[in-house]
Amino acid sequence: MSAAVLVLNQNYEPLNVCNERRAIVLINRGKAEVLEHGKGHIRTPSQNYARPSVIRLMYLIRRPRPKARLTRREVFLRDNFTCQYCGARGKDLTIDHVIPRHRGGKHTWENLVSACRACNHRKGGKTLEEAKMALRRPPSQPKVSPYYVLNQYLQSYTEWQKFIPEWELAPLMAHAS
Ligand SMILES: [Zn+2]
């Protein structure tokens with residue numbers, strides 16, 4: 001029992017992903033219905049189940065929009081793989097703390113930017129003013145698709161794709177490649 005199950009809200013909006021065990025509990029308690037089956041069956045001591053692959057909750061859940069995790073890769077993605085000082089685009093990017101750490105700069109979306117090696121070296125441990133450098137745009141927390149959590153699954157669970165609105169799917173697939 002390890003396959004992932006897509007959970008839709010009562011209004012058919014993708015909500016999250018759970019495991020089969022959790023999905024079967026929801027179904028048995030009448031809290032969810034199966035919309036798509038996966039391949040094969042799950043055996044438990046008492047029963048056989050057709051594998052659920054997509055389920056829909058019988059009640060509406062309200063939840064906040066998910067947030068992007070603060071990682072190097074996500075900072076590069078937010079900055080479109082572009083040095084935020086000189087505008088060079090490329091693979092050889094580094095992460096720069098706008099206010100240096102030893103000056104109290106924090107590890108936050110607002111203080112981290114993508115920088116090419118040359119710019120990062122030039123800026124060193126200085127502030128923007130001291131280095132006489134400027135940012136192309138103020139860094140901020142990126143907005144994230146509500147289906148962000150799904151992007152790692154969509155390649156292998158193709159039967160889920162029809163439940164994701166197309167306009168959300170396109171950037172997700174680009175994101176995953
Ligand atoms: Zn640069």
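User: What makes C116 count as buried?

Analyst: This is a predicted model, in which local features need pLDDT of at least 70, side-chain atom pairs count only at pLDDT 80 or more, and totals for chains, interfaces and linings use all residues. Residues are numbered from 1 along each chain as its sequence is written, and side-chain values use heavy atoms, with hydrogens and water left out. Buried means under 20% relative accessible area, exposed over 50%, and partly exposed in between (1.4 Å probe, protein chains only). C116 has 14% relative accessibility and therefore counts as buried. C119, at 7%, is buried as well.

User: How do you know that strand β6 is mostly covered?

Analyst: Strands (E, at least two residues) and helices (H or I, at least four) are DSSP runs, numbered from the N terminus. In β6, residues 112-116, five of the five residues are buried. L112, S114 and C116 point one way, V113 and A115 the other way, and all are buried. In a regular strand, side chains alternate between the two faces of the sheet.

User: What makes β5 and β6 a pair?

Analyst: Two strands pair if DSSP finds at least two bridges between them. Five bridges join β5 (residues 93-97) to β6, and the two run antiparallel.

User: Which residues are the protein donors of the zinc ion, and why is their arrangement called tetrahedral?

Analyst: Donors are N, O and S atoms within 2.8 Å of the metal (3.2 Å for Na, K and Ca); water is not among the atoms, so sites may look incomplete. The SG atoms of C83, C86, C116 and C119 lie 2.3 Å from the zinc ion. In sequence these donor residues are spaced C-x2-C-x29-C-x2-C. Four donors count as tetrahedral if all angles lie between 85 and 135 degrees. Here the four donor atoms subtend angles of 103 to 116 degrees, so the arrangement is tetrahedral. The ideal angle for four tetrahedral donors is 109.5 degrees.

User: What is meant by a nonpolar core, and which residues touch the most other members of the largest one?

Analyst: The term denotes a set of buried Ala, Val, Leu, Ile, Met, Phe, Trp, Tyr and Cys residues joined through side-chain atoms within 4.5 Å. The largest such core has 18 residues, of which V75, C83, Y85, I95, V98, C119 and M133 touch the most other members. Two or more residues come from each of α2 (72-78), β5, β6 and α4 (128-131). β6 gives the most, with four residues. Apart from this core lies another, of 10 residues, among them V54, L150, W160 and F163.

User: Why is E20 called buried and R51 partly exposed, and what joins their side chains?

Analyst: E20 has a relative accessible area of 1% and is therefore buried, whereas R51, at 23%, is partly exposed. Their side chains meet in a salt bridge, at 2.5 Å from N to O. The pair links R51 in strand β4 (residues 48-57) with E20 in helix α1 (residues 20-28), 31 residues apart. A salt bridge requires a side-chain nitrogen of Lys or Arg within 4 Å of a carboxyl oxygen of Asp or Glu.

User: How many salt bridges are found in the whole structure?

Analyst: The search finds eight. Among them, R56 and E33 have their closest N and O atoms 2.7 Å apart, and D92 and R117 meet at 3.0 Å.

Note on methods: Tetrahedral: all angles 85-135°; square planar, octahedral: opposite > 155°, others 65-115°.
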